[in-house]
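Please look at the sequence and the 3D structure shown here. A short report on the chain comes after them.

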Amino acid sequence: MAFREILEEVVASIDGSIAATLMGTDGIAVEQHIRDGQLFDVEGLGAEYSKVIDEVKRASAVLNFGDVEEVVVSTASMDVILRLVTPEYYIAFIVKNSANLGRARYFLKKTASKALKEI
């Protein structure tokens, strides 16, 4: 299964989803899928949230918490779920804050496993 199909599947699985993108920790998008009719700045997300992942990884290492698997950022209008696929790649899944966050996290975890097989 291609990365695009994997991302399309997770976006289709959650009501209120906006977009999903496979990104390198350098902030460059490998593949993305944006739900029809939605506007989203994937490049901006990559540039900003790759820094967040780096900082969370550093803090986790300093505190001996183990490897970071997922980071969730909730804002007034949306939730951004960052799920690491490998140490160098992660999937960012953006959903409206009215979406079922637990369901979104569950489907993203399954999606990350599928993406890992393709990497």
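This is a predicted model: local features need pLDDT of at least 70, side-chain atom pairs count only at pLDDT 80 or more; totals for chains, interfaces and linings use all residues.

Residues are numbered from 1 along each chain as its sequence is written, and side-chain values use heavy atoms, with hydrogens and water left out.

**Whole chain**

The protein chain has three helices and five strands. Helices (H or I, at least four residues) and strands (E, at least two) are DSSP runs, numbered from the N terminus. Read from the N terminus on, the order of the elements is α-β-β-α-β-β-β-α.

The radius of gyration is taken over C-alpha atoms, and the globule rule is 2.2 Å times the number of residues to the power 0.38. For 119 residues, a compact globule would have a radius near 14 Å, and the 13 Å of the protein chain agrees with this. Accessible areas come from the Shrake-Rupley method with a 1.4 Å probe, and for residues only the protein chains shown count as cover. Buried means under 20% relative accessible area, exposed over 50%, and partly exposed in between (1.4 Å probe, protein chains only).

| Property of the protein chain | Value |
|---|---|
| Box filled by the C-alpha atoms, along the principal axes | roughly 40 × 35 × 25 Å |
| Accessible surface | about 6600 Å² |
| Share of accessible surface from carbon and sulfur atoms | 52% |
| Share of the 119 residues that count as buried | 39% |

**Nonpolar cores**

A nonpolar core is a set of buried Ala, Val, Leu, Ile, Met, Phe, Trp, Tyr and Cys residues joined through side-chain atoms within 4.5 Å. The largest one has 17 residues, of which Ile14, Ile91 and Phe93 touch the most other members. At least two residues each come from helix 1 (3-13), strand 1, strand 4 (78-86), strand 5 (89-96) and helix 3 (101-118). Helix 3 gives the largest share of this core, five residues. A second, separate core holds 15 residues, including Ala19, Leu45, Ile53 and Leu82.

Contact means heavy atoms within 4.5 Å. Leaving aside residues up to four places away in sequence, Ile91 touches several residues, among them Leu7, Leu22, Ile81, Leu108 and Ala115.

**A loop residue**

Ile28 sits in the loop between strand 1 (17-24) and strand 2 (29-34). Is Ile28 buried or exposed? Ile28 counts as exposed because its relative accessibility is 54%. Its C-alpha atom is separated by 26 Å from that of Val62, 34 residues apart along the chain.
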